[in-house]
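My notes follow in the order I made them.

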Amino acid sequence: MSSVEEFRAEIRGWLAANLTGAFAGLRGRGGPGREHEVFAERLEWERHMAAAGWTCVGWPEEYGGRGATIEQQVAFHEEYALADAPARVNHIAEQLLGPTLIAFGTPEQRARFLPPIVAAEELWCQGYSEPDAGSDLANVRTRAVREGDDWVVTGQKIWTSLAHEAQWCFVVARTEPGSQRHKGLSYLLVPLDVPGVEIRPITQLTGTSEFNEVFFDGARTRVEHIVGAPGDGWRVAMATLGFERGVSTLGQQVGFRRELETLVETAKRNGAADDPLIRDRLARAWTGLETIRCNALRMLDGVAAGAPGPEASIGKIFWATWHRELGELAMDVCGAGGMLASGEPYDLDDWQRLFLFSRSDTIYAGSNEIQRNIIAERVLGLPKEARP
């Protein structure tokens, strides 16, 4: 196993050599609010990475990964962000489902589903939230009934990111009639190209449709496509959420730093930096970003132990609130001109897109309100919130 410095140099050199030619134009493409950009080309890039062994680097070698240490994974994500490489298209499978299957899946499930993830041949989405069960995941009403060799799934999921591009969805469904809250749930792997599945894109503030409604009307999946035991889906689903807040957040912060540095240059160029209040807010943004990084590094101990603990909720609140406030600051730096689209029908610039999309940062991946409850109850040991 190479050292962290050697690993960092290896990925840096590979990115410099390969983000050229047909892939050179992909730098900086995709990302929050821009997931629709050159998707086919980014998928081709992902498969190019896979052929060179640069997908799923943190997975054990026996499952197609590189067995990279936590420090090496951090180096990978940081170098990827520093190279301004395009946003990944299969991060949901690589960062969420794959580790879940490695931890909880059967040998047959790992053999069937992990190789296509490594090769970027099958794309996945996450079927958690519902119209009446957004951050309150235990309130899901989507149900699944076993019929012979199949699970028959009926219900609705919402805010399902990239479902319109995915072939599979991991779905939390209620499989025990009459069960309530976190009991009686199961974690199912459901194909999206079967009868009974309808995907409807949702138009967002940015004018794009990164997420979707997904309707299941008697959709079928094989009985062996359940991860963990029937009724044990809550435990598996919580583990997936833990993996979601893993080492990739360090790379995310490189992107945040680039946005802040660009905003500072914009403020200097258009004179906004002459305003002492703007200068103060820019300085506070820099301080906040340093705080986010320190907390993320502290959280790596939990990642090394298998998955981040409830302390990861602190990091989620930090970065989500910071990024939303950066979008607001960007609009103030741009001034009145920031209220005007640059073209028809709805041509947004980068700052306008940042402002609009970052409104969702404090909602998706666990809303700020829910994260505060987790911190209060699971970290500080305070009494649980009263529920009817």
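Predicted model: local features only at pLDDT ≥ 70, side-chain atom pairs only at ≥ 80, totals over all residues.

**Helix packing notes**

I began with α11, whose buried residues pack against α9. The buried residues I noted in α11 are N368, Q371, I374, I375 and A376. I then checked the length of α11: its 12 residues reach 15 Å from first C-alpha to last, close to the 16 Å expected at 1.5 Å a residue. Past the end of α11 comes G381, with a positive phi near 75°.

**The partner, α9**

How do α9 and α11 sit against each other? Helix α9 covers residues 312-334 and helix α11 covers residues 368-379; they pack at an angle of about 150°, and their axes are 9 Å apart. I therefore put α9 and α11 down as roughly antiparallel to each other. Their crossing is left-handed. On the α9 side, the contact is made by S313, I314, K316, I317, A320 and T321. On the α11 side, I listed N368, Q371, R372, I374 and I375.

Is α9 mostly covered or mostly open? I found it mostly covered, with 17 of its 23 residues buried. Just after α9, G335 takes a positive phi of about 75°.

Helix α1 runs over residues 4-18, and its 15 residues should span 21 Å at 1.5 Å a residue; the end C-alpha atoms are 21 Å apart, which agrees. Which residues of α1 are buried? I wrote down F7, I11, W14, L15 and N18. They cover an arc of only 100° around the axis, so they lie on the same side of α1. I reminded myself that an α-helix has 3.6 residues a turn, so residues three or four places apart point the same way. The buried residues of α1 pack against α2 (39-51) and α3 (70-82). On the face turned away from that buried side, I found the exposed residues E5 and A17.

**α4 and α5**

Next I looked at helix α4 (residues 91-104) and α5, whose axes come within 10 Å and cross at roughly 160°. α4 and α5 are therefore roughly antiparallel to each other. α4 passes α5 in a left-handed crossing. From α4, the contact is made by A93, E94, L97, G98, L101, I102 and A103. From α5, I have Q109, R110, F113, L114 and I117.

I also looked up E108, which lies in helix α5 (residues 107-118). Is E108 buried or exposed? Its relative accessible area is 59%, so E108 is exposed. I checked E108 against E61 as well: the two are 47 residues apart in sequence and 17 Å apart in space, C-alpha to C-alpha.

C56 has a positive phi, near 55°, and is a residue other than glycine. I located C56 in the loop between α2 and α3. Its relative accessibility is 1%, so C56 counts as buried.

D84 is another residue other than glycine with a positive phi, near 60°. I placed D84 in the loop between α3 and α4. With a relative accessible area of 30%, D84 is partly exposed.

Technical notes: Residues numbered from 1 in each chain as written. Heavy atoms only, no water. Helix = DSSP H or I, 4+ residues; strand = E, 2+ residues; numbered from the N terminus. Expected span 1.5 Å × (residues − 1). Buried < 20%, exposed > 50% of the residue type's maximum accessible area, 1.4 Å probe, protein only. Arc of directions from axis to C-beta. Contact = heavy atoms within 4.5 Å. Axes fitted to C-alpha atoms, helices over the stretch in contact; angles between N-to-C directions. Parallel < 35°, antiparallel > 145°, perpendicular 65-115°, else oblique. Left-handed = near helix turned anticlockwise from the far one by under 90°.
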